[in-house]
Structures are given as C-alpha cells and as structure tokens.
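Subject: Structure handover

Hello,

Here is the structure for you to look through. Please open it alongside this note; my findings follow below.

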Amino acid sequence: MNTTFNFNRLGLLIKRYFIENKNKELMYWGILTLVFCLNHQTDSARMIIYIMGFIFAAKLFKIFSYTPGGMHYLLIPATHLEKLVANILLSTVYFFGMILLTFSIGNIIGTNLINALFNQTNSISWDMFSLSQTVSIGNNIPSAFGSPFIGMIFTFFIIQSVFLLGSIYFKRGGLGRTMLSIFGFFLLLVIIELFMFKVMFGSFSVTGNMMASFNFTPENSPTIKIIGHVFKVMSYLLTPFLWVVTYFRLTEKQV
Amino acid sequence: MIDIQNLEFSYSKQTSLLSNLNLQLEAGRIHGLLGKNGEGKSTLLKLISGLVFPKQGEINVMGFKPEKRQPEMLQEIFFLPEELPQLTLSIENYEKVYAPFYPNFNTTQFNDYLKEFEIENKKSLLNKLSHGQKKKVFIAFGLATNTKLLLMDEPTNGLDIPSKGQFRRMVASTLDDSRCLIISTHQVRDLDSLIDSITIMDGHEIVFNEPTENITKKLLFRVADRNEKDESVIYSEDTLRGLYQVCENPTGEESKLDIELLFNAVFTDKKRIMNIFK
C-alpha cells in the first residue's frame, strides 16, 4: 500500500465531497448562473469570482468547527496529503472550472436575453478570457502575470490558498477571521511603509507623492526591475507556500 | 495490540489530565474502560485513535504511532464517539462514501445489523434520524468494517432497552482473536455480560486492568447476611436483598462478577485491591 499518496483514496475523498454536498452544489451553481445572467460585466464578474471563491475555500475545512465532525473527518483512512490535495483540487480546478462555465453560460444566456428583450444587438463579450499582454503599476512595470486572464488565475489561486489556510487555522469563523487577518496584515504593511517614508523623506503620504520632488523614472530603475522580478517570483511561490503551511496545520490538528 | 508507556496528556498547561499512564490491551477481548466523569476515558480513546497527541510518553497501536494517522492504521480502527457527527447523507450514501475506505467492510453484515436494529429504509437521511437510530447506524457500520480495533464511547447511551440486547449479541458475534474492542461506559449493567476485561481509571491514571477470569479468581462477589462480620470484605453495599459484598477470595471460590460492585470496591480501597492483584 502506498503510504503517502494513493489516487484511489484521493478519488474517494473527492467523491465523498460531491455525494455529501450534491444538493448544495446544484443550488450554488444554479444561483451563480443566474447572477452571471444578470451581471456579466468582466470587472464585476471577476469580483464575484474572487468573492465566491474565498467563501467556497473558507468552507472546506469548516468541519473542524464542530468537534464530532472534525473527529469523523480526521479518522477517514486517508493521508493528510490526500485530504489536502482533494481540497486544493476542489477549491482551484473544480471551483475555477465551474465558475468559468457558469459565467460562460450566464454570459451567453444573459446577453441573448437582453438582446431579445430590449431589441438590441450586443455581441457576447469574452474579455474575461483575454490572453493579451498587459502592463500595470503605473503602466511602467509589466504585470507579474502577463495577461489579465493569467493574472486572474494566479490572484484567484492566492486568495483561495489564503482562505483554505484560514479555514483550518481558525477553529470557528474561519471566513471572518481570515478577512480580519488579511486586513490586519495590510494595515501593518501600510504602517511600515509610512514609517519608512517618514524615515527616508521626512514626511509621509499614503500615495507616496512626497517622492515627486525626486527625479524618479521607474522604467529606467534597475532596482525597480529587480523588485518587479522578486514580486513575480513571490507571487508564483506564495500559493504553494500557503498550501505547505496548510498541510502542516492539518497534520498537527487535534480535536 | 495497544501498548501505552508513561503517557502524559493535558488540554491546558495548568492541569494535567493523564499522568504517567501505562496500559497494555490485548486482542481477542472486550475491554471495559471505566472511571468517574472527567477522568480522561474519552481522551484516552482519542489518544489511541490519534485524534489528540500525547505531551509525553509513547503509544503503540498495532505497531503504529497514532499521531501520524497513517491510512494503514486508520483503516483498522473504527471509533464510535459519544456525540455523533451531523451528516446530510442517507444511510445508503454513507455506506457508498465511507465503506470503500475500509478493506474488510462487509455489506451483508451491515445490512444484517441494520435489519436486527429494525432500520429498514437505507434511504433515510442520517440527520433526520433520532439520536438512538443514528447510533444504531454507526454501530452497525462500525461492526461491519471488521476493523481490528473498535473504540466505543458510551455506545448504549440513547439505545432503547431491546436495542441494548441486540447490541450485546452483535458485538459478541463479531469478536475473534484478532479484534480488540474497547468500550468506555458508565452503563456497566448494560454491558456486564459482554465485557471480559476491566480497566478502571482514577486520579488520571490506570488503577486496575485485569481480565474478568482473574478478577473472579481473586475476588468473591456475594450477598451476605447483615449480621455477618468478615475481615475479608473489601466493600459492602446494603440493599433490600441483603449486603452485596466484594471480598478477598483466598480459596478461589466461584462467583459472578458484578462490575458496579467492583468499581465501588476499587474506589473504596484502592490500595488493598491493587495489592491483591499485584
């Protein structure tokens, strides 16, 4: 028997999820299709994907909020890695695939419905899936992920992995506490940034406009380029790093 | 099958729940785990199944370290907790989802047990069943997994009177030399014909761990006359039928074990009992 990873057990864990949540899933995706019928603007659809995504991810280890449920889950004869991979696949591949599918269906139905109801000739927009290159950060530094769609996938993965960790880290209220932690984390970053501005420039502003007096052209700055590359690498590594942390949290879980 | 050495466990830094606990349990027996409330019986079952980890000491279950929660070990353990999980599944789907994780699961056995418990409709949702019915489903499933180790925390709580007898029959029929059952209970009268080894916890440690044949060899359980005075009496309980007593048994006289009396005797004169079984 494979003691570390067995695809049969992984399949059983995924099957378990679908059998246990069949009705909830049907309702969830049905409602989302309806939402995308009514609103299929690319920007708001992206926001919906992120929000629904983290709500979904925050539920995956919610079973630990109820001790008998957590005991039952931990005693399922599968490795911690298999349990984690099953939840990663559900929160990323399955959820992302399903949300794009419901978006596409909602987009097609919604656009055709509007055309029919209001006698319009709008064409279906597939901007969501755009693979064209883009630039960001003041239009000077290329986006870490190249295209908006790839960027959306990576952003989605990062958000999912943060909330997946939150769902196992906090015994109760994983969603709210993870959001609070993220808020706290970014607040801390802003305070550090302002403190550094104060030390370096003598004054501080959240927008950083006290740097305007300096002749600063980011596109020519090798430091900024290096920072851009570091940011890119960190963006790629953040998700697997959070998955590893989640794995250790699961192995240490006691109920 | 289970070997526990110098086990220390606590939920908080201030209070220790289990300290310097040593225990060996063998296969082929039904072990009754007894103790007052809060002694750590459920926690001990959790430690054995790997749900909580020891602070110090070693636990060996069938050659595995429970805290690693390896599937090879978990597929040989079924733990029936006192409080059951809330699952939105039918009995049929529960079997479909969880049975494949247990290589020795037997569907015929499961169906037979459900039938004996008079649960006919496998399409019933688990969360719509009463506590007792749900417990019957989990007992039937646990027995049908044919795991080597079966841990049961208060299994007869919530069962009606006929079901308690059915439960005893089922458990007795599944036991063989390779299986070990540990039943933690306060309802000793429900299980005294079933248990064949008794483990008593007191002061967060094991104070008594003996097979029933040894107990009746060394202790005599009898009903005595109120005027009778005897130095060999360890514990005595006044009832309408006379004095129910636990006495030393130097002659090896045969008697029927009364677990409740034994339990009270251990708590009345722990040192004396421990000396007898040294």
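In this predicted model, helix 4 (residues 107-116) of chain B packs against helix 5 (residues 131-144) of chain B. The angle between them is about 150 degrees. Their axes lie 8 Å apart. Angles over 145 degrees count as roughly antiparallel, so helix 4 of chain B is roughly antiparallel to helix 5 of chain B. The crossing of these two helices is right-handed.

Which residues meet there? From helix 4 of chain B come B:Q109, B:F110, B:Y113 and B:L114. Helix 5 of chain B brings B:A140, B:F141, B:L143 and B:A144. By class, the contact has 7 nonpolar residues and 1 polar residue. No charged residues take part in the contact between helix 4 and helix 5 of chain B.

Now to the strands. Is strand 3 (residues 29-35) of chain B mostly covered or mostly open? Mostly covered: 6 of its 7 residues are buried.

Strand 3 of chain B has these pairings:

- With strand 7 (residues 180-184) of chain B, strand 3 pairs in the parallel sense, over 5 bridges. Here B:R29 has B:C180 as its bridge partner in strand 7 of chain B.
- With strand 8 (residues 197-202) of chain B, strand 3 also pairs in the parallel sense, over 5 bridges. Here B:H31 has B:S197 as its bridge partner in strand 8 of chain B.

Best wishes

Note on methods:
Residues are numbered from 1 along each chain as its sequence is written. Chains are lettered from A and ligands numbered from 1 in the order in which they are written. This is a predicted model: local features need pLDDT of at least 70, side-chain atom pairs count only at pLDDT 80 or more; totals for chains, interfaces and linings use all residues. Axes are lines fitted to C-alpha atoms, for helices over the stretch in contact, and angles run from 0 to 180 degrees between N-to-C directions. Helices (H or I, at least four residues) and strands (E, at least two) are DSSP runs, numbered from the N terminus. Angles under 35 degrees count as roughly parallel, over 145 as roughly antiparallel, 65 to 115 as roughly perpendicular and the rest as oblique. A crossing is left-handed if the near helix is turned anticlockwise from the far one by less than a right angle, and right-handed if clockwise. Two residues are in contact if their C-beta atoms, placed from the backbone, lie within 7 Å. Ala, Val, Leu, Ile, Met, Phe, Trp, Tyr, Cys and Pro count as nonpolar, Asp, Glu, Lys and Arg as charged, and the others, Gly among them, as polar. A residue is buried if 20 or more other C-beta atoms lie within 10 Å of its own, exposed if 12 or fewer, and partly exposed in between; C-beta atoms are placed from the backbone. Two strands pair if DSSP finds at least two bridges between them.
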